[in-house]
Structures are given as C-alpha cells and as structure tokens.
Amino acid sequence: MNIALAGLICAILAVASKKLSLPPVPAYILAGLILGETGFGVLKGDEVSNSIAEAGVIMLLFYIGLNLNPGEISEKKKTIFHSGLYDFVINFTLIYGISILAGFTHVQAFLIASALYISSSAIVLQSLIENRKLMFRESEVVIWIMVFEDIAIALLIVLNNPESSDLLLFMVKILAFTALTYWLSNHMPRLLGILFTRDDEIPVLLAFTAALLGIAFEEFFRIPAGFTAIMLGLMLSGIKNIREIVLPFKDVFLVLFFFFFGISVNLSSEGFVDGLILAAAAVAGKVISGMITGRYLFRSWLSGLEIGLDTVARGEFSIFLIFAFGTGKEVSAVTTAVIITSVLGAFLAKNSAKIRNMVSEFAERRFSSTQ
Amino acid sequence: MVRFIGLEGVGTKYELETKSGDRIAIIFLLNRRIQIYIQERSCDRPCSVELTETEAKRLSSVLGGVPIEKERESVEVDFMGVPDLTLAMHTYTITKRLHGKTIEELAIRKRTGANIVAVSRRGKTIISPPPHLIFEEGDIIVVIGDKEQIERFEKEIMGI
C-alpha cells in the first residue's frame with residue numbers, strides 16, 4: 001500500500017470537506033471504502049498500513065489522555081458527572097436494546113452500544129468553535145459531556161477486551177496499572193519536565209515513543225493498548241510541551257487510520273441495513289438524552305435540544321472501538337452509522353438555532369390551539 | 001465581575017457582565033486564536049468575532065485607551081490578581097541625536113525617574129539592558145514610568 005498516495009488522497013479530501021464545511025472523517029472512510037475491498041478493490045491493506053492505522057488510534061487515545069488533567073477533572077467532577085450521566089445511560093441502553101432486537105449477540109450488542117454511545121469529540125468541539133457557540137451555557141455542558149465520554153472510553157476499552165481467560169488477574173493488572181500511573185502523574189512533570197524543554201531531537205523522539213508505548217505494553221503485559229495509551233497520556237498530562245509535539249503526529253496518523261480502516265472493511269448489505277437502523281437510534285438517543293440533560297440542568301427542553309443536536313456526530317472513537325474489538329457484521333453496521341451520523345450531526349449542529357426556533361414555534365402553536 | 005473557566009479540548013473562557021447587563025465572553029482557543037462574543041441585554045443571540053493573537057493585542061491596547069502610532073505607542077498592563085496595579089509601557093525609536101550614547105551617560109533614571117526595560121535592535125530583543133549599552137539609531141526602546149516621569153523622559157532625553 002502506497003502511503004504517499006493515501007496521504008495525497010486524504011489531503012485532497014480534507015481541502016474539499018473544509019470548503020464544504022463538512023467533517024472530513026466520513027470522507028476519509030468513504031474514500032477507503034470506495035477504493036478498498038467494498039468498492040473497486042484497487043487498494044489493499046498490508047502490514048505497513050495496519051501498523052500505521054494502529055499507531056493512529058493509539059496516538060489519538062494518548063492525546064485524549066494528555067488532555068485529561070487529573071487535577072482539573074477532579075475539580076469539576078460534579079459538573080462533568082451531572083452533564084454526562086443521562087447521555088451515557090440513555091444512549092448506551094437504547095443502542096444496546098436496538099442491537100439485540102436486530103439480532104446481534106450480547107457481546108456484539110455491548111460493543112455496538114459502547115461504540116455508538118460515544119460522540120465524536122473532534123467533530124463536536126470543532127463545530128462549537130466554527131458555529132460560534134462558545135458563549136452559550138449549553139456549549140459548556142456539551143464540553144463536559146465530551147470529557148465524561150473521554151473517561152468512559154477508558155472503561156469501555158477494558159470491558160470490551162476479549163481477554164477474559166483469567167478475569168481476576170486481568171482486573172488486578174488494570175487496577176495496579178491505573179494506580180501506578182495516577183500516582184506517577186503527580187511526579188512526572190518534575191522528573192521528566194526538563195527532558196521536554198531541550199531544543200534538540202530528544203523531546204520529539206521521547207514524546208513519539210511515549211505515544212506509541214501502549215502497543216508495547218499490550219504485547220508484554222496483555223493489557224489493552226488503548227487503555228494503556230490513555231493512562232500514559234494522563235500520566236504525562238502535566239508536561240505541556242508533549243501535547244504540542246504529539247499533535248502533528250496524531251493528526252497525520254489518525255487521518256491515515258480512517259482511510260486504511262475504510263480499505264480494510266468489507267461492508268455487507270446486511271450490516272448496512274443494521275447501520276441505517278442504528279444511525280436512526282443514535283440520532284434519536286442523543287436528542288432525547290440532550291433534552292433530558294437540558295431539562296435537568298437548566299429547566300429548559302429547548303436548551304436540551306441544543307445540547308442534543310450538538311452531540312449527534314459519532315466519529316473517531318466509534319471507529320476505534322469497532323476496529324479494535326469488532327469482527328463480524330457489527331463492523332459494517334457501526335461504520336455505516338458513523339458515516340451517517342457524522343455528516344448529519346455536523347448539519348444539525350450548524351442549523352441548531354433554526355431547528356430550535358421551529359420546534360418552539362410548533363410547540364407554542366400546539367399549546368395555544370389546545371387551550 | 002469576571003468568571004474564568006477552562007474548557008477541556010477547546011481553550012479558556014472569560015465571561016463578564018457589564019453593569020447595564022450586556023454580556024461579553026472571550027475564549028482563548030487552543031489554536032491560539034481568540035473568539036470574542038458580545039451580547040446586548042435585550043438581544044437573544046450574541047455577535048462574535050475571531051481574532052489572531054496580534055489583532056487581540058492591538059484590541060487590548062485600544063481598550064486600554066493608549067495612543068497607537070508606529071513611532072510612539074504605549075501599552076497598559078493590568079493584573080487580574082492585583083486590581084489596583086496598572087503598568088504603562090511606552091516605546092520610542094532612537095534618533096540620530098542619541099546614537100552612540102549609553103544609558104549611563106544619559107543618566108536617564110536619575111534625570112527623569114523613567115526606566116528602560118527593553119531594547120529591540122534589528123529584530124532581537126534585549127531585556128533589562130545593561131547601563132553601558134550603546135544606543136544605535138533605529139533601536140526601539142521600551143520605557144516604563146508614571147505620567148510625569150514619561151513626560152520628563154520625552155522632554156529631556158528624546159527632545160520631543
């Protein structure tokens with residue numbers, strides 16, 4: 001697989017999607033689908049493209065960890081919990097239930113629910129910035145929901161891990177690793193900070209290695225790479241420079257991941273139909289959970305509608321979970337649902353003000369006519 | 001009253017409400033751009049602008065009420081933690097008449113009370129220049145001092 005060619009295709013798509021103010025993620029996946037097994041079969045994945053794809057998701061999760069500052073999170077834990085609770089409970093159970101009804105097994109349904117519960121932080125936060133919504137109180141709640149979901153991912157990776165031969169040992173390893181990284185997070189900036197302020201190649205080399213260390217941990221200690229990457233990021237979150245160094249690597253590798261993922265997926269028609277149903281449930285779930293959250297926090301259904309419409313888009317995390325743990329037709333279903341909800345979500349977030357006005361007018365008319 | 005809040009993955013937000021009930025929000029994005037929202041009390045939707053770092057600095061100078069000219073400009077710095085403290089810094093370009101002289105020789109501090117805190121020479125910045133630094137024509141100097149000290153500095157040293 002020619003990496004330069006993949007990069008070029010993605011660069012062109014990125015320019016085009018920015019012009020059309022659409023999220024680029026579904027474009028990368030679609031291009032991969034069209035050129036790969038599902039479509040014309042011109043391109044095939046190989047070992048190199050698989051490694052790059054793996055590096056892409058590991059860097060994404062490491063980056064998420066870097067942005068989860070334990071100190072700041074624990075300061076806001078109440079706000080984050082109250083914002084993210086309904087989002088988790090409603091969306092997870094709804095998607096789980098629909099998946100069971102659609103004939104998936106419990107394990108598959110759990111994976112699909114994990115994947116499609118989580119919104120795309122990248123699309124959601126970008127659209128808050130681009131649509132100039134940062135002044136609103138609803139936007140703050142949306143941001144807290146994203147933080148809640150970032151934390152939930154770590155848990156969902158562990159719960160979806162198929163390595164269950166010795167569950168007790170596995171849980172002990174996870175807990176020991178979590179405790180160790182949490183404890184080290186208080187000392188890392190002091191111990192390693194100096195290494196990352198040098199002006200030679202050492203900071204870049206170290207940051208790059210740290211970002212990929214999760215993969216090595218999986219091989220040696222049999223704990224999921226994604227989880228390790230988040231925790232390592234969290235451990236190093238006190239060192240500001242790492243974020244800046246890792247960002248460009250993450251951007252490049254993640255884009256290639258979406259494209260290579262698209263190439264490797266063999267989209268089945270059966271999975272596609274399931275995907276359509278799941279996409280509908282995914283959109284409805286977020287709108288409902290948003291409205292309930294808004295009602296709960298601000299006593300306003302309309303505020304809640306805004307929260308819901310802003311969080312519809314699914315993306316990188318859904319694809320990551322299904323890439324890491326999916327095997328059968330659930331891959332097709334989730335991929336389809338992600339492509340639909342990401343585009344639709346960007347559209348809904350952009351037009352949320354209009355939709356809110358329409359809904360409130362409609363509600364008023366209904367209300368006055370029944371009087 | 002300013003409210004300050006960190007927004008994970010987005011940036012930092014400052015919110016303030018004026019006495020008349022108008023609202024302003026300023027968000028420093030992670031990509032170093034700055035979004036400013038203003039909302040009139042009677043208006044249900046805010047207006048917004050997005051600025052680069054330089055534009056934002058310009059705006060802060062304008063809001064600080066200081067003259068903006070290329071040759072002579074000044075910047076006022078306020079500290080959130082020390083509300084009563086305002087520092088004004090002024091810039092001047094060294095003219096031919098000061099070329100070749102040192103800070104010591106001019107006895108700037110003794111004669112005027114003002115202090116030179118930085119010199120910018122051909123794109124390089126010298127912070128806290130030593131007293132034996134020799135001025136060159138075209139140097140841009142940053143001077144700190146209260147109103148009277150600055151007036152004396154302009155009159156006695158710069159000859160304006």
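How many residues does the contact take from chain A and from chain B? It takes 16 residues from chain A and 23 residues from chain B, where contact means heavy atoms within 4.5 Å.

Before going on, some ground rules: this is a predicted model, so local features need pLDDT of at least 70 and side-chain atom pairs count only at pLDDT 80 or more, while totals for chains, interfaces and linings use all residues. Residues are numbered from 1 along each chain as its sequence is written, chains are lettered from A and ligands numbered from 1 in the order in which they are written, and side-chain values use heavy atoms, with hydrogens and water left out.

**Between the chains**

The size of an interface is often given as the accessible area lost when the parts come together. Here chain A and chain B bury about 1,800 Å² between them, and 59% of that lies on carbon and sulfur atoms. (Buried area is the accessible area, with a 1.4 Å probe, that two parts lose on being put together, summed over both.) On the chain A side, Arg132(A), Leu134(A) and Met135(A) supply 41% of the area buried against chain B, more than any other three residues.

**Chain B**

**Helix pairs in chain A**

Two packed helices are described by the angle between their axes and the distance between the axes. Axes are lines fitted to C-alpha atoms, for helices over the stretch in contact, and angles run from 0 to 180 degrees between N-to-C directions. Helices are DSSP runs (H or I, at least four residues), numbered from the N terminus.

| Helix pair, chain A | Angle | Axis distance |
|---|---|---|
| Helix 5 (residues 77–101) and helix 6 (residues 106–117) | about 140 degrees | 8 Å |
| Helix 8 (residues 137–160) and helix 16 (residues 316–325) | roughly 15 degrees | within 11 Å |
| Helix 11 (residues 202–221) and helix 12 (residues 225–235) | about 140 degrees | 8 Å |

Angles under 35 degrees count as roughly parallel, over 145 as roughly antiparallel, 65 to 115 as roughly perpendicular and the rest as oblique. Helix 8 of chain A and helix 16 of chain A are therefore roughly parallel. Helix 8 of chain A brings Asp150(A), Ile153(A), Ile157(A) and Asn160(A) to that contact, and helix 16 of chain A brings Phe317(A), Phe320(A), Leu321(A) and Phe325(A). Those residues divide into 6 nonpolar, 1 polar and 1 charged. (Ala, Val, Leu, Ile, Met, Phe, Trp, Tyr, Cys and Pro count as nonpolar, Asp, Glu, Lys and Arg as charged, and the others, Gly among them, as polar.)

Helix 5 of chain A and helix 6 of chain A, by contrast, are oblique to each other. Their contact residues divide into 11 nonpolar, 4 polar and 1 charged.

Definitions and conventions. Helix = DSSP H or I, 4+ residues; strand = E, 2+ residues; numbered from the N terminus.
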